Amino acid sequence: QQTRLLATTAPPAEDETTEAAADADTSIYVRDAEALAKVQSPFLQVMRDRGFLHQCTGITELDAKLMEKTQSAYLGFDA
């Protein structure tokens, strides 16, 4: 059984559309989609699946490091 959420919104303003297109060019989901699909780390899998990643340098290397042992990290969030 699938659950679908539907929402009705006004179409985005032209500058919002341009901003979204520029954002897509830098998104890890576009730029590194193949590597992101292959991550093994449970942490990165959850972050990916929930859409919490935007940019990452060396996702493959980070995934390998997270699979070695417990790691400490700082995560920053902009509101």
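Here are some questions and answers about the predicted model above.

Reader: What should I know about how the values were made?
Author: In this predicted model, local features need pLDDT of at least 70 and side-chain atom pairs count only at pLDDT 80 or more, while totals for chains, interfaces and linings use all residues. Side-chain values use heavy atoms, with hydrogens and water left out, and residues are numbered from 1 along each chain as its sequence is written.

Reader: Which elements does the protein chain have, and in what order?
Author: Helices (H or I, at least four residues) and strands (E, at least two) are DSSP runs, numbered from the N terminus. By that count there are five helices and zero strands. Read from the N terminus, the order is α-α-α-α-α.

Reader: How are H4 and H5 oriented to each other?
Author: Helix H4 (residues 42–49) and helix H5 (residues 59–68) have axes 8 Å apart, at an angle of about 135°. Axes here are lines fitted to C-alpha atoms, for helices over the stretch in contact, and angles run from 0 to 180 degrees between N-to-C directions. Under 35 degrees is roughly parallel, over 145 roughly antiparallel, 65 to 115 roughly perpendicular and the rest oblique. So H4 and H5 are oblique to each other.

Reader: Which residues of H4 and H5 make the contact?
Author: Contact means heavy atoms within 4.5 Å. On the H5 side, the residues are Ile59, Leu62, Asp63, Leu66 and Met67, and on the H4 side they are Pro42, Phe43 and Leu44.

Reader: Which residues make up the largest nonpolar core?
Author: A nonpolar core is a set of buried Ala, Val, Leu, Ile, Met, Phe, Trp, Tyr and Cys residues joined through side-chain atoms within 4.5 Å. Buried means under 20% relative accessible area, exposed over 50% and partly exposed in between (1.4 Å probe, protein chains only). The largest such core has eight residues: Ile28, Leu36, Val39, Leu44, Met47, Leu53, Cys56 and Ile59.

Reader: What does Gln40 touch, leaving aside its neighbours within four places in sequence?
Author: Gln40 sits in the loop between helix H3 (33–37) and H4. Its C-alpha atom is 7.3 Å from that of Met67, though the two are 27 residues apart along the chain. With those neighbours left aside, Gln40 is in contact with Gln45, Asp63 and Met67.

Reader: Why does Lys65 count as partly exposed?
Author: Lys65 is in helix H5, with its C-alpha 8.9 Å from that of Ser41, 24 residues away in sequence. Lys65 counts as partly exposed because its relative accessibility is 38%.
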